[in-house]
Each structure stands twice: as structure tokens, then as C-alpha cells.
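Here is a short tour for anyone who likes to think in contacts and angles. Have a look at the structure first, and then we can walk through it together.

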Amino acid sequence: MKEARCDLCHDTLPIIKKLYNETDRWVIIDCKSCLVPMIVWKKHTMYLEEEESKDITKALTEVADKCYGEGMYYIDKKQRSILNHLHWHARPIAI
């Protein structure tokens, strides 16, 4: 049986509208579908250790503060269409 193709592993460049930050563990890009900053854990997993979760929260918060202003966004942790890479979006608060 053929393994399902991972869009984030194989097609990262078309997804990137803007690259904000990248490390060996994550990448922060503009989400192709909703055009907001999104952090993606590079390994196939949906679960992070507490320290890893703190690290990506801090990294996405730094980007979101610059994009929206401090406190003008929320971090959306709901996994929607990509279910094999943990990813979170920084979404602006509707005023």
C-alpha cells in the first residue's frame, strides 16, 4: 500500500507566502489558505513535550506581535486539513 503524500514535507515552497522564522524543529510561514502566520512542527507528530510547546508558543507569539500588535491576536491550535504535522495559526482578533 502506498503511503499518503505529506504536503508539508514535499511541497513546502508553494505553501510559503512569507517565511518568518525557521529552525531545525519548526518553520513559521504564512498559511497558503488563510494568509496568517502559521507555525509547523517539522516532524510527523501531533504531540509535543511541554518544553517544545512552550518554545513554539514563544516563537509564534514573537511573529504575531510584529504582525498584529501585542494582544491583538489569538493562537488557534485546532488542526484542520493537515493532520500529520502539528501546526498552529496566529489569527487576528476581529474588532
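Which side chain is joined to that of Asn-21 by a polar contact of 2.9 Å? The partner is Trp-26, side chain to side chain. Please keep in mind that this is a predicted model.

## Around Asn-21

Asn-21 is found in strand β1. Its relative accessibility is 29%, so it counts as partly exposed. Leaving aside neighbours within four places in sequence, Asn-21 is in contact with Trp-26, Val-27 and Ile-28.

Leu-60 is 39 residues away in sequence, yet the two C-alpha atoms are 9.0 Å apart in space.

## The overall picture

Stepping back, the protein chain holds 3 helices and 5 strands. Read from the N terminus, the elements follow the pattern α-α-β-β-β-α-β-β. The chain has 95 residues, and 34% of them count as buried.

Two further totals may be handy. Among contacts with a separation of 6 or more, 43% are between residues 24 or more positions apart.

The 5 strands make an open sheet in the order β1-β2-β3-β5-β4, and the pairing is antiparallel. At the edges stand β1 (19-22) and β4 (73-76); each has a single partner strand, so one side of each is left without a neighbour in the sheet. From one strand to the next, the twist averages 15 degrees.

Helix α3, residues 50-68, packs on this sheet and touches β1, β2, β3, β4 and β5. The direction of the helix makes about 30 degrees with that of β5.

How many of the residues of β3 are buried? The count is 5 of the 5, so this strand is largely enclosed by the rest of the structure. Pro-37, Ile-39 and Trp-41 point one way from the strand, while Met-38 and Val-40 point the other way.

On one pairing, β2 and β3 run antiparallel over 5 bridges, with Val-27 opposite Val-40. These two strands form a hairpin with 6 residues between them, and Leu-35 in the turn has a positive phi of about 55 degrees. On another pairing, 3 bridges join β3 to β5, again in the antiparallel sense. Here Met-38 has His-89 as its bridge partner in β5.

## Where β4 meets β5

Strand β5, residues 87-92, is joined to β4 by 4 bridges, and the two run antiparallel. One of the bridge partners is Pro-92 in β5, which pairs with Tyr-73. Arg-91 also has its place in β5. At 14% relative accessibility, Arg-91 counts as buried, and a polar contact of 2.7 Å joins its side chain to that of Asp-76. Not counting residues up to four places away in sequence, Arg-91 touches Cys-34, Val-36, Tyr-68, Met-72, Tyr-73, Tyr-74, Asp-76 and Arg-80.

The loop between β4 and β5 contains Gln-79. A polar atom of the Gln-79 side chain lies 2.9 Å from the backbone oxygen of Lys-77, and the side chain of Gln-79 also reaches the backbone oxygen of His-87 at 2.7 Å. Beyond residues up to four places away in sequence, Gln-79 touches Met-46, His-85, Leu-86, His-87 and Trp-88.

## The aromatic pair

A pair of aromatic rings is described by the distance of the centres and the angle of the planes. In this model the count comes to 1 aromatic pair. Tyr-68 and Tyr-73 form it, with 6.2 Å centre to centre and 35 degrees between the planes, a tilted arrangement.

Are the two partners buried or exposed, in whole or in part? Tyr-68 has a relative accessible area of 24% and is partly exposed, whereas Tyr-73, at 13%, is buried. Both tyrosines are also among the residues that Arg-91 touches.

How values were computed
Residues numbered from 1 in each chain as written. Predicted model: local features only at pLDDT ≥ 70, side-chain atom pairs only at ≥ 80, totals over all residues. Heavy atoms only, no water. Buried < 20%, exposed > 50% of the residue type's maximum accessible area, 1.4 Å probe, protein only. Contact = heavy atoms within 4.5 Å. Pairing = 2+ DSSP bridges. Axes fitted to C-alpha atoms, helices over the stretch in contact; angles between N-to-C directions. Polar contact = N/O pair within 3.5 Å; in protein donor to acceptor, adjacent residues only side chain to side chain. Phe/Tyr/Trp six-rings, centres within 6.5 Å; stacked < 30°, edge-to-face > 60°.
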